[in-house]
Structures are given as C-alpha cells and as structure tokens.
Amino acid sequence: MAGLGSELSRLVAQTIPDGAYAVKVARNHMAFQRAAYATWFESAATAALVLAHINAFYVRRDDRPRRGPDRDKPYIVAEVCIHDSTVRSEVNARREMLKLALAREGIHVEELRIVVSRWGMKERHPFGPQQAAPAEPAPRYQRERRKIAELQTLKRAFCLVFGEAAESVLDRVSAACLEEVLWDDADMACRLSRWYVCRLYSADASFERVIAAYRDALMAQAKVLGLNLRAVTCHPWTGAANARAFPVAGHPCICELSDEEGAAAL
C-alpha cells in the first residue's frame, strides 16, 4: 500500500499545476527545520534564531562542467541563503554537522553551500519567526558529534607526525574506528580519563609497517591533543575501493566497532 505522503503527492500533482514541486519544497523545508534543531540540539532558541534569519533553502543539481572520474554523475547541492553575517558564520561553523543532519532526514547532497542573500531575497523568511520548539531527543547526534570530533583529533595527530606526507598516509586509511575502553589503572588520573582503542583499516598491505614504525609517535601526539590511545592496530580492508576514513573535504567517516572486535584489539 502506498504511503499517505506519496499518495498525497500524486493527487496534488494531478489536480494543481506545479503541485508536486510545491509539495517537494515544503518537505525539504520541513526536513531542514528538523535538521536545524538537531544540529543546534543544545539550544532550541539558537536553532530558532538561525531559522528565522534564513531567506531561502534550495536542493538542486549543479550542472556546471566538472573534472575527474565522477564528472558525469549528478552533483546535488543544498544552498542556504542568509543575509545576516553573524548567522552565516554560525551556520558555516556547523556546516558539516548540518549536512549530516540533513542526510538523516533523507536529503543527501555532495555539498552544502552558504549564499549571501541579495536584493528582494532579504525580505523572504520561509521559516518565519520561529518559536523555540523543543528539539527531537538528540543523544544519537551528541554521540556522533563526539565521535567526529575524536576522529578530527586523530587526523591532527597524523598531520603532526607525518607532516607534508600526512595527506598521502591518510588517503590509505579506508576506515578508522575509535572505541572507548576501560583502563583499570592504579593512577586515578588514568582511570578518570577517556581511553580508546584505535583500529585502522587499509587495503594497502604496506600500511601496517608504516603504522608500526610511527605508532608510538602517533599515540604521543594524540595524547598531547587530548586523545588517549591505549592501542593502535591495523587491519585489512575488504570494502569499497574508494572508501576513505578521512576525505579531503568534509568530516571524517564514522566506523562502528563491535564489542567483540574491541576486545580483540586489546
């Protein structure tokens, strides 16, 4: 049985000119509003303020010529038009988290662009004056934000250890996982700190030798940055050949590790 939403879209498209497009726009706006509350989960008032200053939100295909092996694939982008510079800065600071939240709402884009509103667009307010509605329960988003921040710290440790070669080394990491583990140490400071097992997956057979040579330095730099690693292990990658844990653009990709795998890594 077709869902109510799809049936409504069909009926509207049959009876109202451009009705299907209007329904699609309305759905995108609702998804963006939910994504905004999820992104600024710690303050519904801030999410409401951001939404109130957005002048337009579009999801479209960018048909400009591109280079590279994927140049013929559709390149879908989301554009957020904002006039207020302070709100633009706030959205820019959480751009990747907002993109992730949109994906959770079913809007998958290659890029989230922030556009300066001009002329008559400044008067548009598709989300209206927002009340500080309670956000959707967000422990999941909080965990994901923390995991992304931890992987960003790991990436910085790689950059400190490998310098100019860091990009080449990181490009060989197909997946990376940081899982918190307990450390029953006599030192109270150690017991109160967060400790992690780091698993790195690579399709390059020589990658393990690289990590073995620099493991101690990597763990030391990570600790300086506030990330305590109890172990760093390497494992063969058998997934997609183009998978990258640390893409050049965007946030690191989260890889989950089961309890059994975490125990085996110790």
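**Salt bridges in the predicted model**

A salt bridge joins the side chains of Arg-94 and Glu-90, with an N to O distance of 3.6 Å; the term stands for a side-chain nitrogen of Lys or Arg within 4 Å of a carboxyl oxygen of Asp or Glu. Arg-94 counts as buried, at 16% relative accessibility, whereas Glu-90 is partly exposed at 28%. Here buried means under 20% relative accessible area, exposed means over 50%, and partly exposed covers the range in between (1.4 Å probe, protein chains only).

The model is a predicted one, in which local features need pLDDT of at least 70 and side-chain atom pairs count only at pLDDT 80 or more, while totals for chains, interfaces and linings use all residues. Residues are numbered from 1 along each chain as its sequence is written, and side-chain values use heavy atoms, with hydrogens and water left out.

In total, the structure contains eleven salt bridges. In one of them, Arg-34 pairs with Glu-105, and their closest N and O atoms lie 2.8 Å apart. This pair connects distant parts of the chain, 71 residues apart: Arg-34 belongs to helix α2 (residues 19–39), and Glu-105 to the loop between α5 (95–104) and β3 (111–116). Helices (H or I, at least four residues) and strands (E, at least two) are DSSP runs, numbered from the N terminus. Arg-34 is partly exposed at 38% relative accessibility, as is Glu-105 at 22%.

Glu-179 and Lys-147 form another salt bridge (3.4 Å, N to O). Because Glu-179 sits in strand β4 (residues 175–181) and Lys-147 in helix α6 (residues 139–162), the pair ties together parts 32 residues apart in sequence. Glu-179 is buried, at 18% relative accessibility, and Lys-147 is buried at 18%. Elsewhere, salt bridges with shared partners link Arg-60, Asp-62, Arg-64, Glu-79, Glu-111 and Arg-113 into one network.
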